[in-house]
Amino acid sequence: MSDIHAVSGILIDETTLTIDEFANACSVEITWVQQRVQDGFLDCTGEVDSWRFASTALVRARRLANIERTFDANPEVSALVVDLLEEVSTLRRQVGTLTSRNAS
């Protein structure tokens, strides 16, 4: 079974995106993406002039942008909040798996 992530009703596979495609999909400027990569808040592959982004990174980037806009938060605070949200999600999945195993 392959991993498929849902974002705003869109199914995402393991396609990689150019920086233009990625910025457009996140509704942000290219400079916003470049800065978040340089700060270590977003991951990509390749050299600077040919960065490629995993489509699954859209979830993180969209969360970062949303938190920055909604709460007028700086990028560092937004990244911390997204890290914590991702950790909570991971822990909830682990609890759900353990609960399912114990129920059997």
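This is a short tour of a predicted model, stop by stop.

**Whole chain**

Start with the protein chain in cartoon view. Look for four helices and four strands. Trace the chain from the N terminus: the elements run β-β-β-α-α-β-α-α. Now colour by burial. Of the 104 residues in the protein chain, 28% are buried.

**Helix 1 and helix 3**

Select residues 19–26 for helix 1, then residues 57–71 for helix 3. The two helices pack with their axes 9 Å apart, at an angle of about 50°. That angle makes helix 1 oblique to helix 3.

**The contact residues**

Show side chains here. On helix 1, pick Phe22, Ala25 and Cys26. Their partners on helix 3 are Ala57, Leu58, Ala61, Arg62 and Arg69. Which kinds of residue make up the contact of helix 1 with helix 3? Six are nonpolar, two are charged and none is polar.

**The cysteines**

Stay on Cys26, which belongs to the helix 1 side of that contact. Is cysteine 26 buried or exposed? It is buried, because its relative accessible area is 5%, and the cut-off for buried is under 20%. Now jump to cysteine 44. Its relative accessibility is 25%, so cysteine 44 counts as partly exposed. Last, search the whole structure for disulfides: there are zero.

Definitions and conventions
Residues are numbered from 1 along each chain as its sequence is written. This is a predicted model: local features need pLDDT of at least 70, side-chain atom pairs count only at pLDDT 80 or more; totals for chains, interfaces and linings use all residues. Side-chain values use heavy atoms; hydrogens and water are left out. Axes are lines fitted to C-alpha atoms, for helices over the stretch in contact, and angles run from 0 to 180 degrees between N-to-C directions. Angles under 35 degrees count as roughly parallel, over 145 as roughly antiparallel, 65 to 115 as roughly perpendicular and the rest as oblique. Contact means heavy atoms within 4.5 Å. Ala, Val, Leu, Ile, Met, Phe, Trp, Tyr, Cys and Pro count as nonpolar, Asp, Glu, Lys and Arg as charged, and the others, Gly among them, as polar. A disulfide is a pair of cysteine sulfur atoms within 2.5 Å. Buried means under 20% relative accessible area, exposed over 50%, partly exposed in between (1.4 Å probe, protein chains only).
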